[in-house]
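Here are some notes to read alongside the model. Keep the viewer open as you go through them.

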Amino acid sequence: MGSRLVGYGSYLPERVMKNADFERIMDTTDEWIVTRTGIRERHFAAENETVVDMAATAAVRALNNANLSIDDIDLVIVATTTPELDFPSVGVQVLGRLGATHNTPAFDVRGACTGYIYALHCARAFFTAGIHRRIMMIGAEKMTRFIDMADRSTAVLFGDGAGALIFEHSSSSYSGIIDTVVMADGRDFECLHGTNDHKISMNGPETYKKAVQCMPDAARYIMEHAGITAENVDWIIPHQANLRIISSCAEKLEFPMDKILVTVDKHANTSGASGVLALAYAFDNNIIKRGQLILYPAFGSGLTWGAALIRV
Ligand code: UT7
């Protein structure tokens, strides 16, 4: 039993924070941010805007795109690391916000920047087992809750937003979520983690080194597992953390940069929303076409990493 993608939606907060806006409030430059990260701007949620608000808007847009209602969905999985409430899950709150009446189950996955791959992994397992027939996965983050404006080394890197994808079961195993792999190594958790006072603690250069190793490894592993080579892949959508990390992955995989989707310049690092927002951006701008094969490698706090292979 496989799946197919039937809808997508995304939400980016209205406020756009450009590098020049950081120049005004901290000791940084547009030149440093662009050359070290590739980031030019990011969206910042309003103070009273929550992860649930963003996730619910992306969910409604995905449902409209698929011409479905929330009661047509039989499982919601949300990848988020920045929920306002410890409980209940963002997924259940989204169901409430959308007025679901069919006792649809929902849960959150905390995989940091790899969260959306972990969510896709869960969705694939449920389709393969024949347990759920129509699953909405959402990646939603309010990274600004963790941004410390006194720390220029992390403040400029992150953004807020949400994306949603709806998959339904299919008899074909060559469409939708074809394959996934997820990994973790808790020994390196101090490289990148949230602190008790809601700040980001990151050893940038160490995290960078791990990212340029783990993402290509996961990409190679999943291609081998699926019995394909890079020539069979139409697009790679890597986790959007840093353009230099993305370019290094492309080089290691001998994959042309013009087939690598880059949104880090516009969205910065939106953690668990990153790949979902990037795919929605690609559809909205007619960059990626229905039927194409996408390789999705990701990497994040944990350390966690993994990849998904999706025919959209
Ligand atoms: O989502 C997955 C997790 N995140 C990542 O994948 C991030 C991985 N790491 C990175 O992307 C990069 O390590 C950074 C972009 C975070 C930093 O780039 P870097 O080339 O590794 O810089 P660095 O940390 O080695 O810092 C170089 C210099 C330092 O100054 P000194 O000590 O050489 O005088 C920093 O203080 O750059 C300075 N610096 C800044 N300068 C201007 C750090 N942040 C800034 C800033 N503006 N915003």
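1. First, some ground rules. This is a predicted model, where local features need pLDDT of at least 70 and side-chain atom pairs count only at pLDDT 80 or more, while totals for chains, interfaces and linings use all residues. Numbering starts from 1 along each chain as its sequence is written, and side-chain values use heavy atoms, with hydrogens and water left out.

2. Start with the largest pocket, which holds about 930 Å³ of space. Its lining has 45 residues, and the closest to the centre are Phe 158, Leu 192, Ile 200, Met 202 and Asn 269. A pocket here is an open set of points on a 1 Å grid where a 1.4 Å probe fits, with protein on both sides within 12 Å along at least five of seven lines; lining residues have an atom within 4 Å of a point.

3. Who builds that lining? Elements giving at least two residues each include α2 (30–37), β9 (192–194), β10 (200–202) and β12 (293–300), and α7 gives the most, with 6 residues. (Helices are DSSP runs of H or I, at least four residues; strands are runs of E, at least two.) By class, the lining has 20 nonpolar, 19 polar and 6 charged residues.

4. The second largest pocket has a volume of about 160 Å³. Among the residues lining it are Arg 15, Phe 44, Glu 47 and Lys 142, and the lining divides into 5 nonpolar, 1 polar and 4 charged.

5. Now the rings: there are 4 aromatic pairs (ring centres within 6.5 Å; edge-to-face if the planes are over 60 degrees apart). Phe 22 and Phe 44 are one of these, edge-to-face at 6.2 Å and 85°. Phe 22 sits in α1 and Phe 44 in β3, 22 residues apart.

6. Tyr 116 lies in α5 and Tyr 296 in β12, so the pair ties together parts 180 residues apart in sequence. Tyr 116 is buried at 1% relative accessible area, and Tyr 296 counts as buried at 1%.

7. Finally, look at Thr 263, in the loop between α8 and α9. Buried or exposed? Thr 263 is buried, with a relative accessible area of 0%. Leaving out residues up to four places away in sequence, Thr 263 touches Gln 240, Ala 268, Ala 278 and Tyr 281 (contact means heavy atoms within 4.5 Å).

Key:
Buried means under 20% relative accessible area, exposed over 50%, partly exposed in between (1.4 Å probe, protein chains only). Grid points are joined across faces, edges and corners, and a volume is the space filled by probe spheres set on the points. Ala, Val, Leu, Ile, Met, Phe, Trp, Tyr, Cys and Pro count as nonpolar, Asp, Glu, Lys and Arg as charged, and the others, Gly among them, as polar. Rings of Phe, Tyr and Trp (its six-membered ring) pair if their centres lie within 6.5 Å; planes under 30 degrees apart count as stacked, over 60 as edge-to-face and the rest as tilted.
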